[in-house]
Amino acid sequence: MKYFEGYRCGSCGREIPAGSAAGECPACAGPLLCVYDTSAIRRRAASRTIASMRSGQGVWRYGDLLPDFARRVTLGEGNTPLLRARRLGDAIGARDLYVKDESSNPTGSFKARGMAVAVSRLLDLGVKKAYVPSAGNAGLALAAYGAAADIPCHVFIPSETPEGVAEECRLYGAEVTVVPGILPDAARALDASVQGDRSGIVSTFREPCRVEGKKTMAFELEEEIEPDWIVFPTGGGTGIVAFWKAYRELEALDILHRPMPRLAAVQAEGCAPLVKAFAEGAERAIPWKDPVTIASGIRVPSSRADALILQALRESGGTAVSVTDGEIMEAVREISLSLGVFPSPEGAAAWAGLKRLVRENTVSPSARIVIVNTAGGARYRFLLGSRKL
Ligand SMILES: Cc1ncc(COP(=O)(O)O)c(C=O)c1O
Ligand SMILES: [Zn+2]
């Protein structure tokens, strides 16, 4: 059955047909979101549970709520462990705390989920080459899924990217350009170098399908524990938008019989445009000047979907909070010691953010809380060194 109907602009609402190669709204350059015929799914799925919709492998287990591309690339992403974090929770009186450990995905991060779907779309469109600017994890994921799909890839990484990323991307056959500076510098270098067909660019919110793959985190969590709060380290914001979109779809399917979980975005104090905008009640975020944090995945000074991210946080009854690099380092140690999971600095930021939110009474410690460890820590060699902050 075909439930995928096409795309809708998340800013101006313009509709774009399913076969279109557009990566962003032709009218306003806003982010495109996939649209499904939820009434048709409702008519078919008599029992109306998430499990009743399952089929396929990797993220494609939730294929009814993903585009129906002819070739569905997968490396077995998703279905990641949900770990009960008793000792970690004890520190803040949280009895019902869990860590969703995304480090077990192919190439070691949650970016795999999004690239599985984005690369499948490129195959569908017959795109000859794929491009992404990346702080590391998205580049690795594109390179690996590009290899699986036999699509040549070109990854642009800033010079601060963790050691070893460029080499591993090259192992998957990708071309790598190292750009002096930070992520926006790499994005500018990519824009300047892609001539002609730009439909292979899979930058954050410049194509519609990475959000779709990331929605599967929400489907898994909902099947597993029906959380009250989801705490997520936020840079470009695909994760937050994906959770919000996934829960809106479950509502439309009559599967969600409670308010959607509250979403908490965690940013670093040295780069917190969304936290500032959220606190000020603003509808848009102002790009952050001189972003600084050891958590390179959330060193993102601006997002193309700032309005959508802020809308997602507010509609879910959620919040946004920032943490220092010192708190992130401390959180890396605490998660490793009490859980046996070596988290990325971004995942550690989620735990540090939750501690703050409980301290300031925004999150009740009696809630059922999930923090997402978006990647493993081993690639970030400085975490194992003697660097003091
Ligand atoms: C490990 C890690 N966590 C979190 C993020 C932020 O991702 P999002 O686009 O969902 O805000 C990234 C992005 O690079 C990342 O690599
Ligand atoms: Zn638009």
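I started with helix H9 (residues 273-280), where the buried residues are Pro273, Leu274, Val275, Ala277 and Phe278. For me, buried means under 20% relative accessible area, exposed over 50% and partly exposed in between, with a 1.4 Å probe and protein chains only. Helices (H or I, at least four residues) and strands (E, at least two) are DSSP runs, numbered from the N terminus.

A note on the source: this is a predicted model, so I kept to its cut-offs, with local features needing pLDDT of at least 70, side-chain atom pairs counting only at pLDDT 80 or more, and totals for chains, interfaces and linings using all residues. Residues are numbered from 1 along each chain as its sequence is written, chains are lettered from A and ligands numbered from 1 in the order in which they are written, and side-chain values use heavy atoms, with hydrogens and water left out.

Back to H9. What do its buried residues pack against? I found strand S10 (262-268), helix H10 (306-315) and strand S11 (319-323), taking contact as heavy atoms within 4.5 Å. Gly281 follows H9 and has a positive phi, near 70 degrees.

**Zinc**

Next I looked up the zinc ion (ligand 2). Its ligands are the SG atoms of Cys9, Cys12, Cys25 and Cys28, at 2.2 to 2.4 Å. Donors here are N, O and S atoms within 2.8 Å of the metal (3.2 Å for Na, K and Ca); water is not among the atoms, so sites may look incomplete. The donors are spaced C-x2-C-x12-C-x2-C along the chain. Cys12 sits in the loop between strand S1 (4-9) and strand S2 (15-17), and Cys28 in the loop between S2 and strand S3 (32-36), so this pair ties together parts 16 residues apart in sequence. I get Cys12 as partly exposed, at 44% relative accessibility, and Cys28 as partly exposed too, at 37%.

**Salt bridges**

I searched the whole structure and got 32 salt bridges, each a side-chain nitrogen of Lys or Arg within 4 Å of a carboxyl oxygen of Asp or Glu.

Asp96 and Arg368 pair up at 2.9 Å, N to O. They link distant parts of the chain, 272 residues apart: Asp96 is in the loop between helix H2 (86-90) and strand S5 (97-101), Arg368 in the loop between helix H12 (345-359) and strand S12 (369-373). Asp96 is buried at 16%, whereas Arg368 is partly exposed at 28%.

I also noted a network of salt bridges that links Arg61, Lys100, Glu102, Arg113, Glu220 and Glu224.

Lys355 bridges to Glu330, with the closest N and O atoms 3.9 Å apart. Lys355 belongs to H12 and Glu330 to helix H11 (residues 325-339), 25 residues apart. Lys355 counts as buried at 13%, and Glu330 as partly exposed at 36%.

**H11 and H12**

That sent me to the helix pair itself. The axes of H11 and H12 come within 8 Å and cross at roughly 100 degrees. So H11 is roughly perpendicular to H12. Axes are lines fitted to C-alpha atoms, for helices over the stretch in contact, and angles run from 0 to 180 degrees between N-to-C directions; 65 to 115 degrees counts as roughly perpendicular. The H11 residues in contact include Ile328, Ala331 and Ile335, and on the H12 side I listed Trp351, Ala352 and Arg356 among them.

How values were computed
Angles under 35 degrees count as roughly parallel, over 145 as roughly antiparallel, 65 to 115 as roughly perpendicular and the rest as oblique.
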